[in-house]
Every structure is written in C-alpha cells, then in structure tokens.
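Subject: Structure handover

Hello,

Here is the structure I promised to pass on. Please open it next to this email, and then read on for what was found.

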Amino acid sequence: MGTVVLDITMSLDGFVATPDHDTERLHAWVFADAGQTVFGPEVRELMRTSWTGAVVAGRRTYDVSGGWGGEPPVPVPYFVVSHDVPDDAGPRFTFVADVRGAVEKARAAAGDGGVYVMGGPDIARQCLDDGLLDEIRIHLVPVLLGDGVRLFGALRAGPVELGTPRVREFPLRTELTFPVLK
C-alpha cells in the first residue's frame, strides 16, 4: 500500500488560515505564474508526480473550492469527510462520514499510489490521533500571520514523534516532509 501523507500549507508561525479562514496569502505559491486561474507550473508538476493515488479532503475544503467545479485539480478519486452529500457532487467524489473510513476507502482506491490528506487542521488532528499518517508534508510560507487557525493544537494521542525531515527549497515556500514514527 502507498503512503498516507498530510499535505498542507502553513505560515511560519503555525497558521493554515487567517481568523476568518482566508487562505489566499498562504496559497499564493500555488498560483504563481498562472494568472490566478489555474495552478502554476511548479504546482502542476508536484501534483502530477506525487499525487498518484487518492485524496482525502475536508468538507470545508470541498465547499471553499466549489467542489473544483466537479473536476478536481488531480484526476484521482477524492474522499470527502462529511455527513452530507451535496446534490452537485461530481463523479470523482465519494463522501464518507469519518476520517478513518475516508482514509481506508482512499487506500483501497489508491492501490500502490499514495493517499494525500488535505483539508485543514481538524482532519489533520483526527488523522494524527488515529495513527493514520505516514508522513507530514508542510509547505512553509515565509509569512507571519500573527493570528488565525492553527495547524497543530492539542492532540488526543499526545506527543507524535517525527523523523528527520526531507527539505526542498522553492522561491515562495520551503517544503518539509517529516516521516511519522510509529
């Protein structure tokens, strides 16, 4: 089976959104050189080469993206954690009531490909608390928001040990990938 990776963007002071849940400043790197309408070349290459299995997303991410207009950015199955299924959900989306179920379904669909968890701190904490993550990939953006939605808060599982990170530097972000030690 493939690796389950939390893939998320964060400010240097640990926030994934402003207090009103805006993520535009944090995700400027995603749309760089793309005219703000599609993903930039760096992001398209990242997704093409690494997002090869399935995606687990939170419902807020699904709603904020407008369900990606029925066609998500990477043509893989998406499993959205939600108790409600919207009427306009596209065929790539499966709605699952809990994180564990979503990750299990995503793993089955991904086969040997990876499962990429996106969608905010609540999904991240649930995955950590349930021991579902193999890696944490943080796209660290050089900005201090000062306040907002924290990525990591109190974990029910207590301390989570991480291994030595792999580090990749880019003009608008630094990518840190930590193995989760089990």
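One definition to start: helices (H or I, at least four residues) and strands (E, at least two) are DSSP runs, numbered from the N terminus. In those terms, Ser-11 belongs to strand β1.

Now the ground rules. This is a predicted model, so local features need pLDDT of at least 70, side-chain atom pairs count only at pLDDT 80 or more, and totals for chains, interfaces and linings use all residues. Residues are numbered from 1 along each chain as its sequence is written, and side-chain values use heavy atoms, with hydrogens and water left out.

**Overview**

The protein has five helices and ten strands. It has 182 residues, and 47% of them count as buried. Buried means under 20% relative accessible area, exposed over 50%, and partly exposed in between (1.4 Å probe, protein chains only). A contact means heavy atoms within 4.5 Å. Take the contacts between residues at least 6 apart in sequence: 66% of them join residues at least 24 apart.

**Confidence**

pLDDT is the predictor's confidence in each residue, from 0 to 100. The average here is 86, and 88% of the residues score at least 70. Confidence is highest in helix α4, at 96, and lowest in helix α2 (residues 41–50), at a mean of 62. Residues 34–38 fall below 50, and this stretch has five contacts in the model beyond near neighbours in sequence. Where pLDDT is low, the predicted coordinates should not be read in detail.

**The cores**

A nonpolar core is a set of buried Ala, Val, Leu, Ile, Met, Phe, Trp, Tyr and Cys residues joined through side-chain atoms within 4.5 Å. The largest one has 32 residues, and Val-56, Val-117, Cys-127 and Leu-133 have the most contacts inside it. Helix α4 (residues 99–110) gives this core its largest share, five residues. A second, separate core has 13 residues, including Trp-68 and Tyr-116. In soluble globular proteins, nonpolar side chains tend to be buried together.

What does Val-117 touch, not counting residues up to four places away in sequence? Its contacts include Val-4, Leu-6, Val-56, Ile-123, Cys-127 and Leu-133.

Helix α4 has twelve residues.

In helix α5 (residues 121–129), the buried residues include Pro-121, Ile-123 and Cys-127. Gly-131 follows α5, and its phi is positive, near 65°.

**Strand β10**

Strand β10 (residues 173–179) is mostly covered, with five of its seven residues buried. Two strands pair if DSSP finds at least two bridges between them. Strand β7 (residues 135–141) pairs with β10 in the antiparallel sense over six bridges. There, His-139 has Glu-175 as its bridge partner. Strand β9 (residues 166–170) also pairs with β10 in the antiparallel sense, over five bridges. Glu-169 stands opposite Thr-174 in β10. β9 and β10 form a hairpin, with two residues between them.

**Back to Ser-11**

Is Ser-11 buried or exposed? It is buried, because its relative accessible area is 0%. Ser-11 touches Leu-26, Leu-140, Val-141, Val-143 and Leu-145, not counting residues up to four places away in sequence.

Best wishes

Terms used
Expected span 1.5 Å × (residues − 1).
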